[in-house]
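Visitor: I would like to learn how to read a few features of a protein model, step by step. Could you take me through the one shown here?

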Amino acid sequence: MSIICGFPLLECVYCLACARWAWKRCLHTAGHESENWGLATAEDFEPVPRLCRLILSVYEDDIRNPLWAPPGGYGINPDCLILRKTYEDTQGRAPPYIIYLDHDNADIVLAIRGLNLAKESDYAVLLDNKLGQRKFDGGYVHNGLLKAAGRVLDAECEVLKELVEKYPNYTLTFTGHSLGSGVAALLAMVVVQNRDRLGNINRQRVRCYAIAPARCMSLNLAVRYADIINSVVLQASVSDPLPFLFFVTSWKSVDLTQ
């Protein structure tokens, strides 16, 4: 112990440094990270509520007789639901999902549900990863989520190809929440890397909206695919209780307090 004039100098400096770090962490809010970002336009944000409702509809056993529909319903036409896959269909190797043909918005949507806390298979997908285990397009991705994305594409490749060729003016949107958002983001990347499997679909037609996304790719890939993948996060903290949304990869925020 170093003592100058009976005072433990090094120990006090160390304690002050720790106290300063803890104080700054307590005052830091997620809003500080995006305070200089530009505001998103209404056009940027328009698909988000609609896609969130589609994701929620995946939780229903029967979309024609919903049990947990939000106010106003899911806003979808059951006749345009192309297919629905459950845990039994995916054998737990990917979360449940639907493919929906949205004629009103000229969009082909594949929506994936979020983490099911009661399903061991979801945890198996989430935990199937090690740091630096899986390389992809010059970066690193989550191994389990990439395998789930590959299984979804293998299962639905022909259906998606038929739809994108039948509706050449429609966009192809992958969306999901939590665990499903990670699968959706990597699925969009896999499709872009294998566009020939979907009839050489134009990159500009492919997009992804990841709601409350799982960390699934390295920063260089997030930047490289920022024109396709939009991560939507709700920011809130104890010291700043008024939330707002922001798009991580397009670096735009939406203030919900206005």
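**Reading the model**

Guide: Ser 218 is placed in the loop between strand 8 (206-211) and helix 9 (219-224), where helices (H or I, at least four residues) and strands (E, at least two) are DSSP runs, numbered from the N terminus. This is a predicted model, in which local features need pLDDT of at least 70 and side-chain atom pairs count only at pLDDT 80 or more, while totals for chains, interfaces and linings use all residues. Residues are numbered from 1 along each chain as its sequence is written, and side-chain values use heavy atoms, with hydrogens and water left out.

Visitor: Is Ser 218 buried or exposed?

Guide: Ser 218 counts as buried because its relative accessible area is 18%, given that buried means under 20% relative accessible area, exposed over 50% and partly exposed in between (1.4 Å probe, protein chains only). Leaving aside neighbours within four places in sequence, Ser 218 is in contact (heavy atoms within 4.5 Å) with Gly 139 and Tyr 140.

Visitor: How does one describe the packing of helix 7 with helix 8, and what are the values here?

Guide: Two packed helices are described by the angle between their axes and the distance between the axes. In this model the axes of helix 7 (residues 143-166) and helix 8 (residues 179-193) come within 8 Å and cross at roughly 65°; axes are lines fitted to C-alpha atoms, for helices over the stretch in contact, and angles run from 0 to 180 degrees between N-to-C directions. By class, this contact of helix 7 with helix 8 has twelve nonpolar, one polar and no charged residues, where Ala, Val, Leu, Ile, Met, Phe, Trp, Tyr, Cys and Pro count as nonpolar, Asp, Glu, Lys and Arg as charged, and the others, Gly among them, as polar.

Visitor: Which residues does Leu 153 touch?

Guide: Leu 153, which is found in helix 7, touches Leu 187, Val 190, Val 191 and Arg 197, not counting residues up to four places away in sequence. The C-alpha atoms of Leu 153 and Val 191 are separated by 7.9 Å, although these residues are 38 residues apart along the chain. Leu 153 counts as buried, because its relative accessibility is 2%.

Visitor: What share of the protein is made up of buried residues?

Guide: Of the 258 residues in the protein, 42% are buried. The protein has nine helices and eleven strands, and residues 24 or more positions apart account for 59% of its contacts with a separation of 6 or more.
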